[in-house]
Amino acid sequence: MASSDLGTNNHTEQKLEFSLEVPLPSAREAHIALQSLSPDREPRKGGITKKLSASGNMLSAHWTADEARILRVSVGSFLDHLSLVLETMDAFGPPAPQ
Amino acid sequence: MTIVIGFEGSANKIGVGIVRDGEVLSNPRRTYITPPGQGFLPSETAKHHRGVILTVLREALEEAELTPADIDCVAYTKGPGMGAPLVTVALVARTVAQLWGKPLLGVNHCIGHIEMGRLITKANNPTVLYVSGGNTQVIAYSERRYRIFGETIDIAVGNCLDRFARVIKISNDPSPGYNIEQMAKKGTQYIELPYTVKGMDVSFSGILSYIEEAAQKMLSSDQCTAEDLCFSLQETLFSMLVEITERAMAHCGSQEVLIVGGVGCNLRLQEMMGVMCKERGARLFATDERFCIDNGAMIAQAGWEMFRSGHVTELTDSWITQRYRTDEVEVTWRG
């Protein structure tokens with residue numbers, strides 16, 4: 001995880017960043033998780049961005065944030081949501097044939 | 001034959017219901033109950049819902065004696081409501097819709113109440129009073145919209161009652177509104193409170209501030225009892241609701257009133273509205289707590305109407321929204 005540079009001497013303010021990669025059992029399940037987690041916006045305006053993507057069976061999330069506190073809240077919330085999606089897939093899967 | 005499963009969790013109730021062609025097959029529900037003196041916060045409410053939603057979903061399928069393959073459409077509350085709880089419910093709805101290969105449908109919470117009220121009571125074309133902890137609206141159907149003729153300009157009537165319950169530390173189990181109702185029955189002294197009807201609209205924040213201050217003063221000096229205050233608050237708030245409903249009825253030439261939403265459970269409100277309707281030669285419709293209070297079946301029922309008339313929500317459009325006006329939805333399922 002990149003650190004924040006708070007210096008003022010000719011430095012551009014840097015954003016905090018965090019990346020997370022989660023392997024799912026299959027590409028199909030990674031796609032389902034991505035589609036379930038993508039639609040809702042970040043609750044707070046400004047100070048945080050989140051990008052989700054899936055490649056093969058890997059679900060990826062990348063954040064940039066102005067403050068550590070905002071970043072921690074967003075990552076914590078995402079993990080709660082991811083956990084619920086995984087539990088749902090575990091309880092009511094496997095996916096119906098397409 | 002069309003079977004819809006509905007997910008509702010916009011406030012402190014979490015429910016999953018299954019409806020098939022006008023019949024409620026199952027409707028299990030849980031309530032997040034906080035200690036006396038406290039309201040429920042969004043993140044804690046969402047945590048509660050996350051902890052029970054899959055159990056409630058399983059119960060709904062078992063009680064209906066159905067499997068996922070039998071379901072035709074997955075409906076969920078798109079809004080309005082508390083952000084974090086709405087997201088929790090939408091996540092599960094999106095996931096099972098994909099797992100089961102079924103279409104998804106975002107439903108307006110208020111329209112869920114209206115459609116369930118219409119289904120259960122068989123009201124034809126009523127003036128609707130929608131009263132709960134989060135909403136207070138007088139609604140009439142006109143030209144493909146549920147139009148808002150009057151509403152609160154600040155807090156919902158149920159919010160006013162719930163927050164007064166916090167002030168006098170009433171239990172939140174089964175609900176603060178229910179406990180205020182029981183205490184009001186023992187009230188004997190009417191305490192005059194502000195009466196703030198504004199044409200077709202109402203305002204409750206001033207009444208709440210006034211009675212909060214009155215509670216501190218009058219209870220500590222034994223000028224009245226908590227029961228008197230509960231009685232007085234109900235008489236004032238409910239009279240205001242009756243007045244704006246009557247005004248809408250007169251304006252629309254309506255001969256029916258339907259009360260929906262959690263406060264619609266209140267028997268005193270039903271009684272007062274019933275008196276007004278009788279004097280006007282109109283009919284009053286109300287449901288009991290199975291359907292008055294937020295539940296999954298009401299979302300399934302509105303979802304059933306919407307799905308059969310062609311509504312579907314794409315996954316990319318399935319975001320929740322804390323504010324979702326009743327009149328934003330095109331009502332394609334009514335003539």
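What share of chain B is helix and what share is strand over residues 29–300?

## The annotated domain

Over residues 29–300, chain B is 51% helix and 17% strand, with the end C-alpha atoms 14 Å apart. Helices (H or I, at least four residues) and strands (E, at least two) are DSSP runs numbered from the N terminus. An unreviewed UniProt entry places "domain: Gcp-like" at those residues; UniProt annotations may be inferred rather than shown by experiment.

This is a predicted model, where local features need pLDDT of at least 70 and side-chain atom pairs count only at pLDDT 80 or more. Residues are numbered from 1 along each chain, chains are lettered from A, and side-chain values use heavy atoms, without hydrogens and water.

## The listed binding site

The unreviewed UniProt entry lists B:His109, B:His113, B:Tyr130 and B:Asp294 as "binding site". They span 186 residues in sequence, yet no two of their C-alpha atoms are more than 11.9 Å apart, so they gather at one spot.

B:His113 sits in helix α3 (residues 109–121) and is buried at 2% relative accessible area (buried is under 20%, exposed over 50%, partly exposed in between, with a 1.4 Å probe and protein chains only). Beyond four places in sequence, B:His113 touches residues including B:Tyr130 and B:Asp294 (contact means heavy atoms within 4.5 Å). B:Asp294 lies in the loop between α9 (289–292) and α10 (296–308), and is buried too, at 10%.

## A look at B:His49

B:His49 belongs to helix α1 (residues 42–64) and counts as buried, at 0% relative accessibility. Setting aside neighbours within four places in sequence, its contacts include B:Lys13, B:Pro85 and B:Thr88.
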